[in-house]
Amino acid sequence: AITSNKKVLIISNTVATAQKLCDHFKGYNPKLLHARFIRKDRKIKEDEILSVTKNNDLKKDDKNEPVIWISTQIVEASLDIDFDILLTEIATIDALFQRFGRCWRSRKNDYEADEPNIYIFEPEDIKITNKIYDKDITEKTRTVLQNYSGILITEEMKQDIINEIFQNIE
């Protein structure tokens, strides 16, 4: 998924995982954003991530290298960003759909590539994810989304996915 001249967003469920991922991808010079930065530093990082993803159809990295940002869920709704590729830890479907919205967001054309641009991965420790997100809904999300692997998900499909996950929930 990480190829030249692509903007890649990796979202983890915890700061610790984001930091580990940053170390793992250090050869790509990733940028890190999470809520533990002091306000001043976080503002600088938010401005930088916004400038990198602004006008995504035209602006590409000068070195023809991928641009990688690793973040926690703080980017789900707070920033108007647009990446080419998203790698994200599993979460509940509502959180995932928010994350999906950070990928291919402001493009002139619909996504038409032959391969997916969103990848969902398992956390190192699911117990931590289950402390953050409802365990049953996360598990149902995982199960239902497996049926959509490699498929371009339409808005209608999103509603079907939500209905399937939340049926029989009291």
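## Basis of the model

Two strands are taken as paired if DSSP finds at least two bridges between them. Strands (E, at least two residues) and helices (H or I, at least four) are DSSP runs, numbered from the N terminus. The model is a predicted one, in which local features need pLDDT of at least 70 and side-chain atom pairs count only at pLDDT 80 or more, while totals for chains, interfaces and linings use all residues. Residues are numbered from 1 along each chain as its sequence is written, and side-chain values use heavy atoms, with hydrogens and water left out.

## The sheet

Lysine 31 stands opposite tryptophan 69 in S3. In S3, serine 71 is the bridge partner of leucine 33, and lysine 7 has valine 67 of S3 opposite. S2 and strand S3 (residues 67-71) are parallel and share 3 bridges; S1 and S3, also parallel, are joined by 5 bridges.

The 5 strands form an open sheet with parallel pairing, in the order S2-S3-S1-S4-S5. Strand S2 (31-33) and strand S5 (118-121) are the edge strands, each pairing on one side only. From one strand to the next the twist averages 15 degrees; angles run from 0 to 180 degrees between N-to-C directions, with axes as lines fitted to C-alpha atoms, for helices over the stretch in contact.

## Strand S3

S3 is mostly covered, with 5 of its 5 residues buried, where buried means under 20% relative accessible area, exposed over 50% and partly exposed in between (1.4 Å probe, protein chains only). Val67, Trp69 and Ser71 point one way from the strand, Ile68 and Ile70 the other way. In a regular strand the side chains alternate between the two faces of the sheet.

Helix H3 (residues 93-100) lies across S1, S4 and S5 and runs at about 160 degrees to S4.

H3 is mostly covered: 6 of its 8 residues are buried. These are Ile93, Ala95, Leu96, Phe97, Arg99 and Phe100. The buried residues of H3 pack against S1, S4, S5, H5 and H6.

## Nonpolar cores

A nonpolar core is a set of buried Ala, Val, Leu, Ile, Met, Phe, Trp, Tyr and Cys residues joined through side-chain atoms within 4.5 Å. The largest has 28 residues, and those with the most contacts inside it are Leu9, Leu33, Ile49, Trp69, Val75, Ile81 and Ile161. At least two residues each come from S1, helix H2 (39-53), S3, H3, helix H5 (135-146) and helix H6 (155-166). H3 gives the most to this core, with 5 residues.

Apart from this core lies another, of 12 residues, among them Val8, Phe25, Ile70 and Ile85. Leucine 9 touches Trp69, Ser71, Val75, Ile81, Phe83, Ile85, Leu86, Leu87 and Arg102, not counting residues up to four places away in sequence; contact here means heavy atoms within 4.5 Å.

## Threonine 88

Threonine 88 is found in strand S4 (residues 85-89) and is buried, at a relative accessible area of 0%. Leaving aside neighbours within four places in sequence, threonine 88 is in contact with Ile11, Leu96, Arg99, Tyr119, Ile120 and Phe121.

The side chains of threonine 88 and arginine 99 are joined by a polar contact of 2.8 Å. A polar contact is a pair of N or O atoms within 3.5 Å; within protein, one must be able to donate a hydrogen and the other to accept it, and residues adjacent in sequence count only if both atoms are side-chain atoms. Threonine 53 is 35 residues from threonine 88 in sequence and 18 Å away in space, C-alpha to C-alpha.

## Cysteines

The structure holds 0 disulfides, a disulfide being a pair of cysteine sulfur atoms within 2.5 Å. Cysteine 22 is in no disulfide. The closest cysteine sulfur to that of cysteine 103 is in cysteine 22, 19 Å away, which is too far for a bond. Cysteine 22 is buried with a relative accessible area of 16%, and cysteine 103 is buried with 7%.
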